[in-house]
Amino acid sequence: MGARAVRAARAVTDPLALAQALIAAESVTPARGAVFDVLEAALVPLGFAVDRFVVGEAPDGPVENLLATRPGSGRHLAFAGHVDVVPPGDGWQGSPWGAEVRDGLLYGRGAVDMKGAIAAFVAATARGTSGPLTLIITGDEEGPATYGTLALIERMAARGIVPDWCLVGEPTSARTLGDTIKIGRRGSVNIWIEVPGRQGHVAYPHLADNPIPKLIAALGAIDAVVLDRGNDWFQPSNIEITDLDVGNPATNVIPARAAARLSIRFNDEQRGQALIERITALVHQHAPDARVTGRISGEAFLTEPCELSSLLSAAILARTGIAPELSTTGGTSDARFLSRLCPTIEFGLINATMHKVDEAVAVADLQALTDIYADVIARSA
C-alpha cells in the first residue's frame, strides 16, 4: 500500500481525509487497485476482515470488488457502494483528482457519487457498535455492472453472509442533505428493433420492399401504448423512442433495413421480460420479419416503509431537523440487485453535481452524513 493509503488508515475518524484519499486514487470505471488499497487501509484498523477479488474479462472487466465484514451480535446492517467513477471530462477548475477544499467544498470526481458517502460510513463505523457490519463495495457500477454487485452477492452467498438490512450510499438528497430517501427504483429495459426490407430504385418500388413504413407503423402503435397510470409509490411507466437509423446516403434508393431503439422505465406493475414480449408482438403485427432484441438492465423494486426507513428518517431528523421524503424517482442503482437479499434503501449526499465538471460536496454535509450514518448504525444494533 502507498503512503496515501497509510495516511487514510490513520484518519478513519475523519471522513474528509478519507474522502480526499479515495478521490486522489483515480478510478474511472472499471476500478481496480489503488482506490481499494486506500479503503482496505482504512477498514483493517477498525476490525474489518477485508476480502478483495478480481473477476471478469474485457471488454467489461476485469473488475475489483471488496467485501468487508466485522462481527457482532444483533441485527446485521450492510452498507453498499461503488468506488468507480465516470470519466472526469474537461474544464475543471483544478485537477479532478486533486481533492482540494475551496470555500468549504471538497472538489473531485466521485466526491458526491459516491466516495464521499463511503468515507462517511467508514468514519461512522469507527464510533463503535455491537451489531455486525458488512461493506459491499464494487468497482463496476458506473459501467455495465456485469462483474460488480452481482459478483459480490454470489460471494456473500458462498460465505453465508445474509444481512438483515442494506443501506446504499447513493446521492439521494435533492436540494438539502436529508430531504430524500429512496425506497425503490423503476426498472429499465432497452429494446432494439430491426426491420428488413429489399433495396431497390425509388422509380421501381414494385421491385423493392421499403422497411421504413413498417417501422413507422410499429413505432406509432408503440407510442400509443399506456402501460399503467402509476400507483401510490411510483410514477407511470413510460416508453421512449431513443434512436432511429436507416443509414441511407442515397436519395434514389429504397433502403434494405430500418432500425430503432426503445428505452422503457417501468414501475413495479410491470416486469422486464413481459414488456419485451409485448413490444415484440406489437412490432410483428406491422413487420412480421422484424428482429426484436431486448435487454433488461434491472427490474423495479420497492422496499415499503419499514423499521429501516423509520430509523433512518429518525436519524436524519435528529441531525438536520428535516423529515425526509420517501421516493422512488430517478434512474437505476445497484439497489435493484441488493433488494433481493433483504430490505434495501438508499440515502446519501446532494446529487446536484454528480457526473458534472467540478463535482463537489460541502464539507459540512460530509460531516453531517457521518453523524447520520453513525446514528443509523447505533439504532440498528
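This is a predicted model: local features need pLDDT of at least 70, side-chain atom pairs count only at pLDDT 80 or more; totals for chains, interfaces and linings use all residues.
Local features are reported at pLDDT of at least 70 and side-chain atom pairs at pLDDT 80 or more, while totals for chains, interfaces and linings use all residues. Residues are numbered from 1 along each chain as its sequence is written, and side-chain values use heavy atoms, with hydrogens and water left out.

The protein chain contains 10 helices and 19 strands, where helices (H or I, at least four residues) and strands (E, at least two) are DSSP runs numbered from the N terminus. Its C-alpha trace spans about 80 × 40 × 40 Å along the principal axes. Of the 381 residues, 51% count as buried; buried denotes under 20% relative accessible area, exposed over 50%, and partly exposed the range in between (1.4 Å probe, protein chains only). Among contacts (heavy atoms within 4.5 Å) with a separation of 6 or more, 80% are between residues 24 or more positions apart.

A pocket is an open set with protein on both sides within 12 Å along at least five of seven lines, and lining residues have an atom within 4 Å of a point. Grid points are joined across faces, edges and corners, and a volume is the space filled by probe spheres set on the points. The search finds 1 cavity of 30 Å³ or more, and the largest cavity holds about 50 Å³ of space. Its lining consists of Ala80, Gly81, His82, Met114, Ile136, Thr138, Glu141, Thr149, Val168, Glu170, Asp334 and Leu338. Strands β3 (77-82) and β6 (133-138) each supply at least two of the lining residues, and β3 gives the most, with 3 residues. By class, the cavity lining has 5 nonpolar, 4 polar and 3 charged residues. In this classification Ala, Val, Leu, Ile, Met, Phe, Trp, Tyr, Cys and Pro count as nonpolar, Asp, Glu, Lys and Arg as charged, and the others, Gly among them, as polar.

The largest pocket has a volume of about 590 Å³. It is lined by 26 residues, of which Glu141, Glu142, Gly331, Thr332 and Ser333 are the closest to its centre. Strands β10 (187-196) and β15 (291-298) each contribute at least two residues to the pocket lining, with the largest share, 3 residues, coming from β15. The lining divides into 5 nonpolar, 11 polar and 10 charged residues.

Helix α6 (residues 212-223) has 12 residues and, at 1.5 Å a residue, should span 16 Å; its end C-alpha atoms are 16 Å apart, in agreement. The expected span is 1.5 Å times one less than the number of residues. Leu215, Ala218, Leu219 and Ile222 are buried in α6. Viewed down the axis of α6, these buried residues fall within an arc of 95 degrees, so they line one face of the helix; the arc is that of the directions from the helix axis to the C-beta atoms. The buried residues of α6 pack against β10, β12 (238-245), β14 (257-266) and α7 (272-286).

Ala259 lies in β14 and is buried, at a relative accessible area of 11%. Beyond its neighbours within four places in sequence, Ala259 contacts Ile193, Glu194, Leu215, Asp243, Leu244 and Asp245.

In helix α3 (residues 34-43), 8 of the 10 residues are buried, so the helix is largely enclosed by the rest of the structure. Those buried are Val35, Phe36, Val38, Leu39, Glu40, Ala41, Ala42 and Leu43. Arg336, in helix α9 (residues 335-338), is also buried, with a relative accessible area of 13%. Not counting residues up to four places away in sequence, Arg336 touches Ala145, Ser297, Gly298, Glu299 and Phe301.

Cis peptide bonds join Gly61 to Pro62, with omega about 0 degrees, and Asp113 to Met114, with omega about -10 degrees. Pro62 is in the loop between β1 (49-55) and β2 (63-70), whereas Met114 is in the loop between β5 (105-107) and α4 (115-125). Met114 also belongs to the lining of the largest cavity. Asp103, in the loop between β4 (101-102) and β5, has a positive phi near 55 degrees and is exposed, with a relative accessible area of 82%. His355 has a positive phi of about 70 degrees. His355 lies in the loop between β18 (344-346) and β19 (360-362) and counts as partly exposed at 41% relative accessibility.

Terms used. On a 1 Å grid over the protein atoms alone, a cavity is a set of points where a 1.4 Å probe fits but cannot get out, and a pocket is an open set with protein on both sides within 12 Å along at least five of seven lines; lining residues have an atom within 4 Å of a point.
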